[in-house]
Amino acid sequence: QVQLVESGGGLVQPGGSLRLSCAASGSIFSINDMGWYRQAPGKERELVADITRGLNTNYADSVKGRFAISRNNAKNTVYLQMNSLKPEDTAVYYCYANVRATPSHGYVEVWGQGTLVTVSS
């Protein structure tokens with residue numbers, strides 16, 4: 001079993017910053033892509049950013065230049081640094097990882113439980 005545990009969400013004023021972390025634990029042989037999605041009230045879940053094992057990154061247009069995704073492969077952890085936050089960034093943020101438990105297993109997508117980010121004055 002693999003678990004992803006997120007941390008770092010909370011309430012922040014517009015223009016402020018937050019850093020989300022997501023650590024994978026359990027039976028892990030390797031992790032391929034990792035990333036973050038978010039879901040605002042009444043809206044569909046959308047991709048925020050993702051990062052390959054080789055550290056290639058991809059961002060939603062709405063967060064380019066404000067958010068930065070990174071990862072520590074030795075710690076099986078992915079981060080999301082969020083700067084210049086706007087009220088429209090308010091959402092539950094979910095991390096995911098494509099995990100292989102053993103060399104004989106294929107990659108399985110695993111999700112975190114979500115962490116709430118609220119941007120409000």
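A salt bridge here is a side-chain nitrogen of Lys or Arg within 4 Å of a carboxyl oxygen of Asp or Glu. Keep that in mind for later stops on the tour.

Before you click: this is a predicted model, where local features need pLDDT of at least 70, side-chain atom pairs count only at pLDDT 80 or more, and totals for chains, interfaces and linings use all residues. Residues are numbered from 1 along each chain as its sequence is written, and side-chain values use heavy atoms, with hydrogens and water left out.

**Whole chain**

Start with the cartoon view. You'll find 0 helices and 11 strands in the protein chain; both are DSSP runs numbered from the N terminus, helices being H or I with at least four residues and strands E with at least two. With a radius of gyration of 14 Å, close to the 14 Å of the globule rule for 121 residues, the chain is as compact as a globular protein of that length. (That radius is taken over C-alpha atoms, and the rule is 2.2 Å times the number of residues to the power 0.38.) The C-alpha atoms fill a box of roughly 50 × 25 × 25 Å along the principal axes.

Colour by accessibility next: 40% of the 121 residues are buried. Buried means under 20% relative accessible area, exposed over 50%, and partly exposed in between, using a 1.4 Å probe and protein chains only.

**The disulfide**

Select Cys22 and Cys95. Their sulfur atoms sit 1.9 Å apart and form a disulfide, the cut-off being a pair of cysteine sulfur atoms within 2.5 Å. Cys22 is in strand β3 and Cys95 in strand β9, so to speak a staple between distant parts of the chain, 73 residues apart. The S-S torsion is about 50°, so this disulfide is right-handed. Cys22 counts as buried at 0% relative accessibility, and Cys95 is likewise buried at 0%.

Zoom in on Met82. Not counting residues up to four places away in sequence, its contacts (heavy atoms within 4.5 Å) include Leu18, Leu20, Phe67, Tyr93 and Val117.

**Charged pairs**

There are 4 salt bridges to look for. Pick Glu46 and Arg38, whose closest N and O atoms are 2.7 Å apart; Glu46 is partly exposed at 35%, while Arg38 is buried at 6%. Then go to Asp89 and Arg66, at 2.8 Å. Asp89 lies in the loop between β8 and β9 and Arg66 in the loop between β6 and β7, so the pair ties together parts 23 residues apart in sequence. Select Arg38, Glu46, Arg66 and Asp89 together and you have a network of salt bridges.

Asp61 and Lys64 make another pair, at 3.1 Å, and Asp61 is exposed at 65%.

**Last stop: Asp50**

Find Asp50 in strand β5, residues 46-51. Asp50 is buried yet has no salt bridge, and the nearest side chain of opposite charge, Arg71, is 9.1 Å away. (Lys and Arg count as positive, Asp and Glu as negative; His and the chain ends are not counted.) Leaving aside neighbours within four places in sequence, Asp50 touches residues including Met34, Asn56, Ile69 and Tyr96.
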